[in-house]
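Please keep the sequence and the 3D view open as you read.

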Amino acid sequence: MKIVIAIIIVWFVRLIINGHYLIKSVDLKDKYIKYWNKELPNAQIYTPEIKKVFLKAGINSYFFSFAQPVGYGYYSNGKAPIIDNLFYYDNRLIMNVISLFDQAIGTFRSRIIENFNPIFWIEFVIFLPKNIFKYLGFNTSSIPIKLFQIVYWVSGAFYTIYSDQINKLIQDFLSNLFK
């Protein structure tokens, strides 16, 4: 019963968090567009919030290519991170930022829909160690993590087969421990 309650809590928390960031993404996109349409002064104050929404959506490594004259017939070209140049006036950059907002909105919307998909939750439980390591920022394709995943599966199968005996051993151990 405790496991069911924990799953329900995780389900609600995930739904609330992604719902919050979906609403935030839509609101910040609207403010960003209003700023460039001269309807909202000083939208730069929302830069930290925009960056946070993009990072929560997994959008952090997009670059904008540029070429600009530097004089005497020479041009400077390169790449700049979009997330650090949100309010640089260039129509192509502005369109890229709006596209990133659309990506963030789509990401949070799909996460909300995933919340209602039982296949997502089955995969989540089956690959729980991998999901935990991914959350912690580890490379989930490394061999130690794959081995840990296999140990998780084997121990889960072992527990499923011998759950009565394992529970009895744990109860006996705890009762002897606290005598």
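Let us begin with Trp153, which counts as partly exposed because its relative accessibility is 38%. In this report, buried means under 20% relative accessible area, exposed means over 50%, and partly exposed is in between (1.4 Å probe, protein chains only). Trp153 sits in helix H6, residues 143–177. Helices are DSSP runs of H or I with at least four residues, numbered from the N terminus.

Which residues does Trp153 touch, not counting those up to four places away in sequence? They are Ile126 and Phe127, where contact means heavy atoms within 4.5 Å. Leu128 is 25 residues from Trp153 in sequence, and their C-alpha atoms are 9.9 Å apart in space.

## How to read the model

This is a predicted model, in which local features need pLDDT of at least 70 and side-chain atom pairs count only at pLDDT 80 or more, while totals for chains, interfaces and linings use all residues. Residues are numbered from 1 along each chain as its sequence is written, and side-chain values use heavy atoms, with hydrogens and water left out.

Val13 is partly exposed, with a relative accessible area of 42%.

## Salt bridges

How many salt bridges does the structure hold? There are 8, each being a side-chain nitrogen of Lys or Arg within 4 Å of a carboxyl oxygen of Asp or Glu. In one of them, Asp27 meets Lys31 at 3.2 Å, N to O. Both residues lie in helix H1, 4 residues apart, or about one turn of the helix. Asp27 is partly exposed at 33%, and Lys31 is partly exposed at 22%.

Asp30 and Lys34 also form a salt bridge, at 3.4 Å from N to O. Asp30 counts as partly exposed at 36%, as does Lys34 at 33%. Arg92 pairs with Asp90, their closest N and O atoms being 3.4 Å apart. Is Asp90 buried or exposed? Asp90 is buried, with a relative accessible area of 18%.

## The largest pocket

The largest pocket holds about 1,000 Å³ of space. Of its 21 lining residues, Arg14, Arg111, Phe124, Asn131 and Tyr135 are the closest to its centre. H1, helix H3 (91–115), helix H4 (118–126) and helix H5 (128–135) each supply at least two residues of the lining.

A pocket is an open set of points on a 1 Å grid over the protein atoms alone, where a 1.4 Å probe fits, with protein on both sides within 12 Å along at least five of seven lines; lining residues have an atom within 4 Å of a point. Points are joined across faces, edges and corners, and the volume is the space filled by probe spheres set on them.

Thr47 is found in helix H2, residues 47–56. Thr47 counts as buried because its relative accessibility is 18%. Leaving aside neighbours within four places in sequence, Thr47 is in contact with Leu86 and Phe87.
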